[in-house]
Amino acid sequence: MVGHESQRFFSDLLSRVNEAKGIRTYVNSDAHCHLTDGIIFQPDTPYAMGTDVRLFKWKYLDTVTIDVEILPDHGGYYPGKTNEDNDTPPLRVAVVGDDGSMVDMTRHVRLPTSERMRLEADRAESGAKIAEVGFDPETGEWYYRNMRPDKVASNHISTVIGTILELAEGMGTVELRYRMSVAEGMRDTYRKEVRSMQSQLLDFQRKRSQQAQGRR
């Protein structure tokens, strides 16, 4: 819950983000013009050394990604492979585990053919072994973002788990703006209202299906 001035500031902040071809740019006169992937909510408290658990960074869901290391294919074998799996060798990827070990993520991170082809083309051109990939909760598919020649190691498994949890929370722009618009002293009923509207959507679809059947 936020006050009126904070609501107005937040609305103004997001209105200055321009989006074109999947790229978001924050523009505030000539003084500030830069790419952005989200908003950092900083507590009004004294500076804390190290990790400040009260600081929160919200990111646009399509920028919530992980960096994985591409491994040798080893003849198509990977941990967890079953006889039902496709014979086409998948792209083997891993992330860093504790004590410098590697956690094989091949079974979980499976790129569609088109995305893998883009990755392979960029990989051949750059020679990099670290790739940035993301997961789209709406389609249930992984996607390739870009190669990371600037990095020598993938993310740690703890970062990967945190990323998956962030995607599971699924707080998009609409939800964020709704929650930030809840006036001080009022209840945040976002989840309740979404469930209600989902029920209305289901009723609408049922009626539309019945009407379509009646016209046959």
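Two rings of Phe, Tyr or Trp (for Trp, the six-membered ring) are taken as a pair if their centres lie within 6.5 Å; the pair counts as stacked when the planes are under 30 degrees apart, as edge-to-face when they are over 60 degrees apart, and as tilted otherwise. The structure is a predicted model, in which local features need pLDDT of at least 70 and side-chain atom pairs count only at pLDDT 80 or more, whereas totals for chains, interfaces and linings use all residues. Residues are numbered from 1 along each chain as its sequence is written, and side-chain values use heavy atoms, with hydrogens and water left out.

A search of the whole structure for such ring pairs finds five. Phe10, Phe41 and Phe56 are linked by ring pairs into a cluster. An aromatic ring is also involved in a contact with a charge, which is said to sit over a ring if NZ of Lys or CZ of Arg is within 6 Å of the ring centre and within 35 degrees of the ring normal. The charged end of Arg24 is placed in this way over the ring of Tyr60, at 3.9 Å from the ring centre.

The strands are considered next. Strands (E, at least two residues) and helices (H or I, at least four) are DSSP runs numbered from the N terminus, and two strands pair if DSSP finds at least two bridges between them. In general, strands of a sheet pair through backbone hydrogen bonds, either parallel or antiparallel. An open sheet of three strands is present, with the order E1-E2-E3 and antiparallel pairing. Its edge strands are E1 and E3, each of which pairs on one side only. From one strand to the next, the twist averages 20°, where axes are lines fitted to C-alpha atoms (for helices, over the stretch in contact) and angles run from 0 to 180 degrees between N-to-C directions.

Strand E1 (residues 17-20) is joined to strand E2 (residues 23-28) by four bridges; Ala20 has Ile23 of E2 as its bridge partner. The hairpin of these strands has two residues between them, and Lys21 takes a positive phi near 55°. Four bridges also connect E2 with strand E3 (residues 32-35). Within E3, Leu35 is the bridge partner of Thr25, and Cys33 is that of Val27. Three residues lie between E2 and E3 in their hairpin, where Ser29 in the turn has a positive phi of about 60°.

Helix H2 (residues 113-126) comprises 14 residues, and its end C-alpha atoms are 20 Å apart, in agreement with the 20 Å that it should span at 1.5 Å a residue; the expected span is 1.5 Å times one less than the number of residues. Gly127, which follows H2, has a positive phi near 75°.

The structure holds 20 salt bridges, each defined as a side-chain nitrogen of Lys or Arg within 4 Å of a carboxyl oxygen of Asp or Glu. Accessibility is described by relative accessible area: buried means under 20%, exposed over 50%, and partly exposed in between (1.4 Å probe, protein chains only). Asp188 and Arg179 form a salt bridge whose closest N and O atoms are 2.7 Å apart; Asp188 is partly exposed at 33%, as is Arg179 at 22%. Arg148 is bridged to Asp150, with the closest N and O atoms 2.8 Å apart, and Asp150 is exposed at 55%. In helix H5 (residues 190-214), Arg206 and Asp203 lie three residues apart, about one turn of the helix, and their side chains meet in a salt bridge of 3.8 Å, N to O. Salt bridges that share partners join Asp67, Glu132, Arg145, Arg148, Asp150 and Lys151 into one network.
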